[in-house]
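Subject: Structure handover

Hello,

Here is the structure for your files. My notes on the packing and the sheet follow below it.

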Amino acid sequence: MAEKFNEEAVIINQEQISDGIYSMWLHTDQIASAAKAGQFLGVYCADGSRILPRPISICEIDRDDQAVRIVYRVVGKGTEEFSHMRTGMPLHVTGPLGNGFLQSTKKAFLIGGGIGIPPLLQLAKDLTCEKDIILGYKNKDLFLSRQFEEYGNVWIATEDGSRGTDGNVLDVIREGQLTADVIYACGPLPMLKALKEYAAQNHIECWISLEERMACGIGACLGCMCRSVHKDEHTRVKNKRICTEGPVFAAEEVEI
């Protein structure tokens, strides 16, 4: 298991980038040097009544300045607390956690949906291969889309048809007659299920990042299990822990 660190990070800056979605840069002592695209942080609340960390994906890594960026949606009291924090405030974090994306030189699709889009930004920066970046949104509020344009061909799908393709990410692929040899994806479960099926039908390597409610974030509590095709060598059951064996899996390894 990769080394992880407990740190009192310091907020460099924070801004709201969409309705209920915030971007925060954190200065760290060690996490930025160790982090990889696809991993996440456990972020702790200052309010002592909320003991467990909130798992938030890493969006960008600045190793020169020892900084990491997280982009998160306010969904409860913990993330609501984070949204009110300001520059210079300390934030207790643990990371980097989980396994990130295994990078390839093959022609790639990077496919993100909703709050599953931020974890793909660092991957887009790291990959040197030819890539099409397909982003799915509910409406014309295309947070982060401009930042992806520097790293590949960006295609947009919106559920309401207000921008790009009227439909979902697979509609973009079909409409543009796009092809790739490997898929990297993060987003809602229905999107990942559809991409897993598409990849199998077209014999495309596919890596998916799963989201799940987590408690400890380090594999001890077994609260974020997913069904796997093969038995775990230790427990002898067909389960995997998303926080440690994941969040990134080969699509054929998990049942979703």
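The buried residues of α3 are P119, L120, L121, Q122, L123 and A124, where buried means under 20% relative accessible area, with exposed over 50% and partly exposed in between (1.4 Å probe, protein chains only). That is six of the eight residues of α3, which is thus mostly covered. Helices (H or I, at least four residues) and strands (E, at least two) are DSSP runs numbered from the N terminus. The cover over the buried residues of α3 includes β4 (54-62), β5 (67-73), β7, β8, α4 (145-148) and β11, with contact meaning heavy atoms within 4.5 Å.

This is a predicted model, in which local features need pLDDT of at least 70 and side-chain atom pairs count only at pLDDT 80 or more, while totals for chains, interfaces and linings use all residues. Residues are numbered from 1 along each chain as its sequence is written, and side-chain values use heavy atoms, with hydrogens and water left out.

On the cores: a nonpolar core is a set of buried Ala, Val, Leu, Ile, Met, Phe, Trp, Tyr and Cys residues joined through side-chain atoms within 4.5 Å. The largest has 27 residues, and L110, L123, F148 and Y184 touch the most other members. Two or more residues come from each of β7 (108-113), α3 (119-126), β8 (131-137), β11 (182-186) and β15 (248-250). The largest share, four residues, is that of α3. Another core, of 24 residues, lies apart from it and has I134, L170, I183 and A199 among its members.

On the sheet: seven strands form an open sheet of mixed pairing, in the order β10-β9-β8-β7-β11-β12-β15; two strands pair if DSSP finds at least two bridges between them. At the edges are β10 (165-166) and β15, each pairing on one side only. Strand β9 (residues 153-158) runs parallel to β10 and is joined to β10 by two bridges.

On the helices: α5 (residues 169-176) lies across β7, β8, β9 and β10, at about 135° to β8. Axes are lines fitted to C-alpha atoms, for helices over the stretch in contact, and angles run from 0 to 180 degrees between N-to-C directions. Helix α6 (residues 189-202) lies across β7, β11 and β12 (205-209), at about 170° to β11. The α5 and α6 axes are 10 Å apart, and the packing angle is about 40°. V169, L170 and I173 of α5 make the contact with M191, A194, L195 and Y198 of α6.

Regards
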